[in-house]
Amino acid sequence: MTDISRYHRQYLFQKIGEAGQQRLVSSRVTVIGCGALGTVLVNTLARAGVGFIRIVDRDFIEFNNLQRQVLFDEDDIKENLPKAVAAERKIKKINSQIQVEAIVSDVNFTNIEGFIKDADLVLDGTDNFETRFLINDACVKLAKPWIYGAVIGSHGLTMSIIPGKTACLRCVFESAPPPEMTPTCDTAGIIAPASMIIASLEATEALKFLTGNIQDLNSTLYSYDVWTRKSQSFKLEGLRDATDCPVCKQGKFEFLSATLSTSTTSLCGRNAVQVTRPDKIKLDFKQLASRFEKIGEAKYNPFMFQVKVDGYEFTIFPDGRAIIKGTDDPAQAKTIYAKYIGV
Ligand SMILES: [Zn+2]
């Protein structure tokens with residue numbers, strides 16, 4: 001049995017107790033997305049003693065992330081670290097008794113089941129509807145509980161989903177709202193207390209679930225604005241039975257079967273597009289650098305390759321996935337990718 005004395009103040013809390021703490025120590029979670037929400041989730045759950053944390057994130061760290069992404073610092077940017085790798089390094093210093101697995105990857109229909117199939121719980125640290133619907137599909141299909149969280153400006157939403165028991169995300173939101181209806185970090189920004197509070201609520205739900213306090217899980221879609229202190233709880237009881245949800249009722253996993261997924265994604269507020277290849281490759285960065293010798297300024301480490309060329313900034317990962325900065329047009333991004341990286 002693991003020595004749990006470092007968690008004393010936590011298991012003094014009567015709802016957790018020593019038995020609950022032992023359950024946390026043997027729990028496994030997957031956190032998808034390691035930005036504003038994900039860094040708070042990972043930080044809180046690692047300190048709480050969750051025994052295994054898998055962190056999946058596709059991105060690298062930029063200066064404008066440090067305002068709210070609590071696990072990162074300026075040294076991580078100097079080292080050009082992907083978020084998942086920087087988070088893993090930080091967490092190992094915070095709690096060396098737990099296991100952390102960093103995965104630098106886009107989450108898509110080809111890989112998500114592998115990331116969640118051995119987890120007890122999945123936590124949402126993402127920033128877009130498409131990935132959340134994909135998480136919802138995969139979690140309902142594999143009967144994995146998951147905690148939804150979303151933040152914009154000073155306002156956020158969260159909801160706990162137990163497949164087969166509670167409403168799922170698509171019982172609540174049938175489809176993603178049209179882009180012109182949704183504020184993005186471009187237009188609305190985000191303040192750190194908002195993401196910290198919503199992620200803390202998600203982490204609390206995780207603690208309840210993992211310690212066996214399932215009866216205490218929040219049964220509503222909860223909305224909170226840190227600026228106005230306005231909160232709302234939308235009751236969800238009976239919704240699962242009342243709707244004709246494509247996922248829960250019709251068993252159609254449209255995002256998982258890729259009928260609705262794309263290979264390019266515009267990145268919120270970044271003037272950047274991600275391009276993902278359908279094939280599996282392993283890029284040789286040294287060779288790639290020689291290609292750019294005369295036309296651009298390239299640098300790389302084992303995790304990623306960066307080059308500025310033609311007014312665009314490419315960040316390329318070993319699996320060929322690229323984030324292209326300098327455009328928000330997916331078609332243009334595909335063209336540039338084909339021109340410089342090849343297909
Ligand atoms: Zn549903």
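Analyst: The zinc ion is coordinated by the SG atoms of Cys168, Cys171, Cys245 and Cys248, at 2.3 to 2.4 Å. Donors here are N, O and S atoms within 2.8 Å of the metal (3.2 Å for Na, K and Ca), and water is not among the atoms, so sites may look incomplete. One caution: this is a predicted model, where local features need pLDDT of at least 70 and side-chain atom pairs count only at pLDDT 80 or more, while totals for chains, interfaces and linings use all residues. Residues are numbered from 1 along each chain as its sequence is written, and side-chain values use heavy atoms, with hydrogens and water left out.

Now the geometry. The angles among the 4 donor atoms run from 102 to 120 degrees, which makes the zinc site tetrahedral (for four donors, that label needs all angles between 85 and 135 degrees). For reference, the ideal angle for four tetrahedral donors is 109.5 degrees.

Along the sequence, the donor residues follow the spacing C-x2-C-x73-C-x2-C. Cys168 sits in the loop between strand S6 (155-161) and helix H8 (169-172), and Cys245 in the loop between helix H11 (239-242) and strand S9 (264-267), so this pair ties together parts that are 77 residues apart in sequence. Helices (H or I, at least four residues) and strands (E, at least two) are DSSP runs, numbered from the N terminus.

Are these two buried or exposed? Cys168 has 1% relative accessibility, so it counts as buried, and Cys245, at 1%, counts as buried too. Buried means under 20% relative accessible area, exposed over 50%, and partly exposed in between (1.4 Å probe, protein chains only).

Technical notes. Tetrahedral: all angles 85-135°; square planar, octahedral: opposite > 155°, others 65-115°.
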